[in-house]
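User: Hi! I have just opened my first protein model and would like to learn how to read it. Could we go through it together?

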There are 2 protein chains.
Amino acid sequence: MRFTRSGVLAAPVIVTLQRTRAAGLRVIAANSGNANAATGLPGLDVAIAMQAAAARAAGVQPDQVAVASTGVIGVPLDAERVGAALARAAEKLHGAGGDELTEAIMTTDAFAKRASLSVKLPSGTVRLCAQAKGAGMIEPSFATMLCFVETDAQLAPETADLLLGVCVKRSFDRISVDGQLSTNDTAILICSGASGVVVQPESEDEVRFGEALDALLRMLAIMIVRDGEGAKRICRVIVRGGHAGSVERCARAIANSPLVKTALHGADPNWGRIAQAVGAAIRRVGSDLTPLALDIAIEGIPVCVNGAAVAHDEDALRAAAAGVEIEYEVAIGPTHPAETEVFFSDLGHEYVTINAEYTT
Amino acid sequence: MRFTRSGVLAAPVIVTLQRTRAAGLRVIAANSGNANAATGLPGLDVAIAMQAAAARAAGVQPDQVAVASTGVIGVPLDAERVGAALARAAEKLHGAGGDELTEAIMTTDAFAKRASLSVKLPSGTVRLCAQAKGAGMIEPSFATMLCFVETDAQLAPETADLLLGVCVKRSFDRISVDGQLSTNDTAILICSGASGVVVQPESEDEVRFGEALDALLRMLAIMIVRDGEGAKRICRVIVRGGHAGSVERCARAIANSPLVKTALHGADPNWGRIAQAVGAAIRRVGSDLTPLALDIAIEGIPVCVNGAAVAHDEDALRAAAAGVEIEYEVAIGPTHPAETEVFFSDLGHEYVTINAEYTT
């Protein structure tokens, strides 16, 4: 299980962190429409009641249930309504309900996000299936979202935790729609063991299973960016040539710059705004006026080399910037080996409409 | 003189920092439409040529000239065109040209920003007059903008520098339109001494002059926010109750949150998004799940107390959120004395239109 690093935690996150045993996890109870965040002690009681109601409905112990909520922050969640809904939902549980689950957790999502894989491990074939939600309030550490992964492989809790942690860092930690960190982010890997295939630590099975989980989560993460409230284009920015902290700050600054994002929306290869974002991320120190050795390429076309504009084919650049998937490559110096990537969406009118006209 | 802290500095900023003597400053030469930033060594040569051309036109030495540019980043600036324009401009110089200057430096500004004051100091009356430009790419340290202040008081360069530094911190350093740091920010105080009034260090004159400069710059800073590309509403957020670094981070996170800004635009008192921004600014550490003692009030109406939603008059809140000037008060704990403020604008369709449809 992995959760948001927000300092303002939603009640279901606190309750799952404090009261759910990863080793015994059997049930996930989730609701959308209300985040049960900034709801104080009464909110914690509701999340505990939700956990208990789900346990009763599924015939397990409360500490075998994880709870997750997504929706509006700061509105009390009605425990009785949730309890009654869980009892009704339990009656309808069936083995092929993955699609219904995916749709049930959607909020401002324009499309359902699910993926599944069947993987041949040396010890046998296992299946992975995942559902995610998320479109806005999406940023690092990690994106606003719920993601549930089910597998019929058998993994020790420590192995599952290790693999999920690594894969979340390479997927949901690398995306941004609007630079906003949710109070409710939750990713859970639940292992039934039904396949009879045991994935042992440090085995070839573990490596292969990890690769499959990685592919699954990156797929879902990119789906979330593609659905970034009103997104028309998706960009992958790669930043290299600086210390790890610097490349990370630059990549985030570019991905979250409203000027870069509106230019992306408008298919405008206005790389001056990328330079601006880099300058803001790497502040000058004292009286040092040495120009930054900044290189920028858009879709492989160099536009800035060593801090200065370079001639390029304007028509080819405009055509490249009009694509649906765009790549920016940025080097902030020649000397350091660190490199990072962030996937992000553009900023268009629909984002404003969704977020100004509705309480989400 | 005060300049952007961006790590990607525009050529005119570098040239003014390296080649202009504050003590001898007599002329400011500025252009709009082209920022002369990310233009490499050729850009530096153009800025030096611009300084020399302005010096020739005004009959002073080059080191008595500051240069400033604003506009698109990454496009070469034509030195010959600038030189010819400066020669033409010099012929038209006249004592009442402040308005023409204000209009000449505008880019995406919807209205001209100027202010003037006449101040009775113990030693005599002095005048201050200021022009600013700026609407987008506006954030801390400090806002994207040019601001020129002229006074007929006589101040030693050290005194002028000290007062300008303090006043910039309380004005242009406290505003944000879109969280974007420009490569060209420049604020210059130029003192002619024509009034014959000498403002001595640590005198009552200095205190009064400083108050006047402070009022002038805060007025201009708020004008810039009011003009934040497409802004309909302006918000002042006050954050208190944490360490200095924490209240600053929270205030910036709220001011730059696209979710807060779109809610502000939509007159939606959706304070859950303020809570979200605070949580993102103050990440949880390790396994500490203690809820943050978060208080939020909008226009004096408490909506969140000690981390939890509180009942309030919904109609009164909606009416307050529909105003043109809104105040958010946020307390992130009861214990620390630090407090800060940031003025910011909303995020609406016009910002997207301006920045997606035009190359600015």
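User: What radius of gyration does chain A have, next to that of a compact globule with 360 residues?

Analyst: Keep in mind that this is a predicted model. A compact globule with 360 residues would have a radius of gyration near 21 Å, and the value for chain A agrees with that. Along its principal axes, the C-alpha trace of chain A spans about 70 × 50 × 40 Å. The radius of gyration of chain A is 22 Å.

User: How many helices and strands are there in chain A, and what percentage of its residues is buried?

Analyst: Chain A holds 11 helices and 16 strands. For burial, a residue counts as buried if 20 or more other C-beta atoms lie within 10 Å of its own. Of the 360 residues in chain A, the buried share is 54%.

User: Among contacts in chain A between residues at least 6 apart in sequence, what percentage joins residues at least 24 apart?

Analyst: Two residues are in contact here if their C-beta atoms lie within 7 Å. Take the contacts in chain A between residues at least 6 apart in sequence, and ask which of them join residues at least 24 apart: the share is 78%.

User: How far apart are the end C-alpha atoms of helix α6 of chain A?

Analyst: Helix α6 of chain A runs over residues 204-226, which is 23 residues. Its buried residues include A:Phe209, A:Leu213, A:Leu216 and A:Leu220.

User: How are the two copies related, and which residue of chain B has the C-alpha nearest the axis?

Analyst: Chain B is superposed on chain A by a rotation of 180 degrees with 0.0 Å of shift along the axis, at an RMSD of 0.0 Å. The two copies are therefore related as by a two-fold rotation axis. In chain B, the C-alpha nearest this axis lies 2.8 Å from it and belongs to B:His349.

User: Which element gives the largest share of the side of chain B that touches chain A?

Analyst: The contact takes 59 residues from chain B and 59 residues from chain A. Elements of chain B that give two or more residues to its side include α1 (11-19), α2 (40-58) and α11 (349-357). That side divides into 29 nonpolar, 24 polar and six charged residues. The largest share, six residues, comes from α9(B).

User: Why can we say that the copies meet through the same surface?

Analyst: We can compare the interface residues of the two chains. The copies meet through the same surface because the percentage of interface residues of chain B that are also interface residues in chain A is 100%.

User: Is B:Val15 buried or exposed?

Analyst: B:Val15 lies in helix α1 of chain B. Leaving aside neighbours within four places in sequence, B:Val15 is in contact with B:Leu44, B:Ala47, B:Ile48, B:Gln51 and B:Val67. The C-alpha atoms of B:Val15 and B:Ala66 are 8.2 Å from each other, although these residues are 51 residues apart along the chain. With 28 C-beta neighbours inside 10 Å, B:Val15 counts as buried.

User: What separates the C-alpha atoms of B:Asp268 and B:Val207?

Analyst: B:Asp268 lies in the loop between α8 and α9 of chain B. B:Asp268 has 19 other C-beta atoms within 10 Å, so it is partly exposed. B:Asp268 and B:Val207 are 61 residues apart along the chain, and the separation of their C-alpha atoms is 42 Å.

User: What is the phi of A:Ala267?

Analyst: A:Ala267 lies in the loop between α8 (258-265) and α9 (272-281) of chain A. It counts as partly exposed because it has 17 C-beta neighbours inside 10 Å. A:Ala267 is not a glycine, yet its phi is positive, at about 55 degrees.

How values were computed
Residues are numbered from 1 along each chain as its sequence is written. Chains are lettered from A and ligands numbered from 1 in the order in which they are written. This is a predicted model: local features need pLDDT of at least 70, side-chain atom pairs count only at pLDDT 80 or more; totals for chains, interfaces and linings use all residues. Helices (H or I, at least four residues) and strands (E, at least two) are DSSP runs, numbered from the N terminus. The expected span of a helix is 1.5 Å times one less than its number of residues. A residue is buried if 20 or more other C-beta atoms lie within 10 Å of its own, exposed if 12 or fewer, and partly exposed in between; C-beta atoms are placed from the backbone. Copies are superposed by least squares on the C-alpha atoms of residues with pLDDT of at least 70 in both. The radius of gyration is taken over C-alpha atoms; the globule rule is 2.2 Å times the number of residues to the power 0.38. Ala, Val, Leu, Ile, Met, Phe, Trp, Tyr, Cys and Pro count as nonpolar, Asp, Glu, Lys and Arg as charged, and the others, Gly among them, as polar.
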